Amino acid sequence: MIVVAGEALIDLVPQGAGALAALTPALGGGPFNTAVALGRLGSPTAFCSRVSRDSFGEALLDRLRETGVDVSPVQRGDEPTTLAVASVDAGGSAAYSFYVEGTADRLFAAPGTLPAGTRAVSFGTCSLVLEPGASAYEELMRSTSARGVFTALDPNIRAGLIPDADAYRARFRGWLPSVSLLKLSEEDARWLGGSPREWLAAGPAAVVVTRGGDGLTAYTRDGGEYTVPGERIEVADTIGAGDTVNAALLHGLAARDALSAEGVCALGPRGWRDLLGFAARAAAITCSRAGAEPPYARELVAGGA
C-alpha cells in the first residue's frame, strides 16, 4: 500500500484566452493527482486527507474510488472545497491563484494509524503550507519516517501561498532528515536554494529533479547521477505532469521492491535509467491531454516498471 497525504481541490481551468475566459472545474491538487496516477498504474493506494462534504468534495472522492484508491483514511468537513484558478501560457505551462480561507483541507488532523501494509507515504504541495493542517502533515511525515516507512516529498512550490519564504525554506530543510525520496522541479529547486548533493547530505536516499521537456535527473546518496531525456510530444498543458512523475517513481520502486534507502541505492545505473524513462513517458502522456489526466498502465510501453 502506498498512502498519499495531502490536499484535494478543484482547478478552475480557462477555456480560452483573456482574463474573462470561461472557467471549467476540474478535479485536482498535487497529492490527489498523485493518488489517481498511482491507482491508474495499478499500485494499491490510499488517500489521507480532509475533504469537504460539498458537491466538489463528493466528486473528488468519486474519482478516487473509480480509480481503485482506498478513501477510508479521508476525514470529512462541512467547510467548502479549496479552489485553484489556473492560467495556462502559450507553452502549456500552468500557474495558479488560490482560494483557501476557511476550506476543509486546512483542518486536517494527523491520524493515529495508517492502512495496514503501508510501505510508503507521499507528501507535498499546499498541504505543507497552509496551517493548521501543515503542522499535522509534518507530524505525520516525521512519525512515519521514524517507524521506518519510506517517505516521498514533492514540495511543488506555490509561492503565492507562502507568506515568509525564508521560514518555509528553513522548514523544508528541517523535513529532509525524514525524507527518503525528494522529487522537485528545476524551478522549485531554484526557489528553495541549495543543491541535490546538499539535500542528500541532510537525509534523502535520492533526489530527482525534473526539467520539463529536457527530462529528469536522479542523484543518489552513493554518488550516482543518472539522466534521461524528456519524451517529445505535442503539449496540451503541463497540469499534473509532476504529480504523474511522483506516482511513476513510487510505482516503479514498489515494483522493484526498492521502497527503502537500501533498495534505492541498489538500483544502479540501469535500474535508475529504466525508472526515470518510465516516469518521463508517463508524464508525457499526461502533458499530451488537457487537465490532469495521468495514464493507465496499459498506455505505457512494457518494461518500464
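Modeller: Helix 7 is mostly covered, with 13 of its 15 residues buried. Keep in mind that this is a predicted model.

Colleague: How do you know that the span of helix 7 agrees with its number of residues?

Modeller: The expected span is 1.5 Å times one less than the number of residues. For the 15 residues of helix 7 (residues 241–255) that gives 21 Å, and the end C-alpha atoms are 21 Å apart, so the two agree. Just after helix 7 comes Asp-257, with a positive phi of about 50°.

Colleague: What does helix 3 reach from its first C-alpha to its last?

Modeller: Helix 3 (residues 133–146) reaches 20 Å with its 14 residues, close to the 20 Å expected at 1.5 Å a residue. Gly-148 follows helix 3, and its phi is positive, near 85°.

Colleague: Which residues of helix 3 are buried, and what covers them?

Modeller: The buried residues are Gly-133, Ala-134, Ala-136, Tyr-137, Glu-138, Leu-140, Met-141 and Thr-144. Their cover includes strand 1 (2–5), strand 4 (45–48), strand 5, strand 9 (120–124), strand 10 and helix 4.

Colleague: Why is helix 1 called roughly parallel to helix 2?

Modeller: Helix 1 and helix 2 pack at an angle of about 25°. Angles under 35 degrees count as roughly parallel, so helix 1 is roughly parallel to helix 2. Their axes are 9 Å apart.

Colleague: Which residues make the contact?

Modeller: Helix 1 brings Phe-32, Ala-35, Val-36 and Arg-40. Helix 2 brings Leu-60, Arg-63 and Leu-64. The residues of this contact divide into five nonpolar, no polar and two charged.

Colleague: How many salt bridges does the structure hold?

Modeller: The structure holds 16 salt bridges.

Colleague: What makes Glu-293 and Arg-40 a salt bridge?

Modeller: The cut-off is a side-chain nitrogen of Lys or Arg within 4 Å of a carboxyl oxygen of Asp or Glu. In Glu-293 and Arg-40 the closest N and O atoms are 3.1 Å apart, so the pair counts. The pair links distant parts of the chain, 253 residues apart. Glu-293 is in the segment after helix 9 (268–287), and Arg-40 is in helix 1 (residues 30–41).

Colleague: Why is Arg-40 called buried, and Glu-293 partly exposed?

Modeller: Buried means under 20% relative accessible area, and partly exposed lies between that and over 50%. Arg-40 is at 10% relative accessibility, so Arg-40 counts as buried. Glu-293 is at 27%, so Glu-293 is partly exposed.

Colleague: How do you know that Asp-78 and Arg-53 form a salt bridge?

Modeller: Their closest N and O atoms are 2.9 Å apart. That is within 4 Å, so the pair is a salt bridge. Asp-78 lies in the loop between strand 6 (75–77) and strand 7 (83–88). Arg-53 lies in the loop between strand 5 (50–52) and helix 2 (55–66), so the pair ties together parts 25 residues apart in sequence.

Colleague: Are Asp-78 and Arg-53 buried, partly exposed or exposed?

Modeller: Asp-78 has 65% relative accessibility, so Asp-78 counts as exposed. Arg-53 has 46%, so Arg-53 counts as partly exposed.

Colleague: What makes Asp-154 and Lys-183 a salt bridge?

Modeller: Their side chains meet at 3.1 Å, N to O. That is within 4 Å, so the label holds. Asp-154 is in strand 10 (residues 150–154) and Lys-183 in strand 11 (residues 181–185), 29 residues apart. Asp-154 has a relative accessible area of 3%, so Asp-154 is buried. Lys-183 has 5%, so Lys-183 is buried. Elsewhere, salt bridges that share partners join Arg-40, Arg-63, Glu-66 and Glu-293 into one network.

Colleague: Why does Ser-180 count as buried?

Modeller: Ser-180 has 15% relative accessibility, so Ser-180 counts as buried. Ser-180 is found in the loop between helix 4 and strand 11. Leaving aside neighbours within four places in sequence, Ser-180 is in contact with Val-149, Phe-150, Thr-151, Pro-204, Ala-205 and Ala-206.

Colleague: Why is Arg-158 called partly exposed?

Modeller: Arg-158 has a relative accessible area of 23%, so Arg-158 is partly exposed. Arg-158 is found in the loop between strand 10 and helix 4 (165–175). Leaving aside neighbours within four places in sequence, Arg-158 is in contact with Tyr-96, Phe-98 and Cys-126.

Terms used:
Residues are numbered from 1 along each chain as its sequence is written. This is a predicted model: local features need pLDDT of at least 70, side-chain atom pairs count only at pLDDT 80 or more; totals for chains, interfaces and linings use all residues. Side-chain values use heavy atoms; hydrogens and water are left out. Helices (H or I, at least four residues) and strands (E, at least two) are DSSP runs, numbered from the N terminus. Buried means under 20% relative accessible area, exposed over 50%, partly exposed in between (1.4 Å probe, protein chains only). Contact means heavy atoms within 4.5 Å. Axes are lines fitted to C-alpha atoms, for helices over the stretch in contact, and angles run from 0 to 180 degrees between N-to-C directions. Angles under 35 degrees count as roughly parallel, over 145 as roughly antiparallel, 65 to 115 as roughly perpendicular and the rest as oblique. Ala, Val, Leu, Ile, Met, Phe, Trp, Tyr, Cys and Pro count as nonpolar, Asp, Glu, Lys and Arg as charged, and the others, Gly among them, as polar.
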